[in-house]
Amino acid sequence: MGKQEIVRDIVRRLQNMQGGTQSFDGGTNIARDLGLDSMAVMDLVMELEDQYDVSIPLDKIAETETVEQLANLIVSLQEQMEA
């Protein structure tokens, strides 16, 4: 699955978390724009880890701000596993 598909998947998950009332894109800041608390972010991360069969390190989560950065991180972790 390519990065753009992952971005769309994350956007869909965020829209579901927000009740489908907001519009998101790759530049959406997950914490600031959405006001998600740490538990909601961890729920999202665990869903993504299961979906994409990766383990996202906690320090990387703290460094990740936007939807696109999160998608890039997932792609990078997948590539590391394949290497």
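## Surroundings of N29

In this predicted model, N29 touches L34, E65 and T66, leaving aside residues up to four places away in sequence. N29 lies in the loop between α1 and α2. Its side chain reaches the backbone nitrogen of A31 at 3.2 Å.

The relative accessibility of N29 is 7%, so this residue counts as buried; the cut-off for that class is under 20%.

## Packing of α1 against α2

Helix α1 covers residues 3-17 and helix α2 covers residues 38-52. Their axes are 11 Å apart, and the helices pack at an angle of about 140°. That angle makes α1 oblique to α2. The crossing of the two helices is right-handed.

On the α1 side, the contact is made by I6, D9, I10, R13, L14 and M17. The α2 side contributes A40, L44, E47, L48, Q51 and Y52. By class, the residues of this contact divide into 8 nonpolar, 1 polar and 3 charged.

## Packing of α2 against α4

Helix α4 spans residues 67-82. The axes of α2 and α4 come within 11 Å and cross at roughly 35°. Here too, the handedness can be stated: α2 passes α4 in a right-handed crossing.

From α2, the residues in contact are L44, L48 and Y52, and these three are also listed among the α2 residues that meet α1. From α4, the contact is made by L70, I74 and Q78. The contact of α2 with α4 has 5 nonpolar residues, 1 polar residue and no charged residues.

Definitions and conventions. Residues numbered from 1 in each chain as written. Predicted model: local features only at pLDDT ≥ 70, side-chain atom pairs only at ≥ 80, totals over all residues. Heavy atoms only, no water. Axes fitted to C-alpha atoms, helices over the stretch in contact; angles between N-to-C directions. Helix = DSSP H or I, 4+ residues; strand = E, 2+ residues; numbered from the N terminus. Parallel < 35°, antiparallel > 145°, perpendicular 65-115°, else oblique. Left-handed = near helix turned anticlockwise from the far one by under 90°. Contact = heavy atoms within 4.5 Å. Nonpolar A, V, L, I, M, F, W, Y, C, P; charged D, E, K, R; others polar. Buried < 20%, exposed > 50% of the residue type's maximum accessible area, 1.4 Å probe, protein only. Polar contact = N/O pair within 3.5 Å; in protein donor to acceptor, adjacent residues only side chain to side chain.
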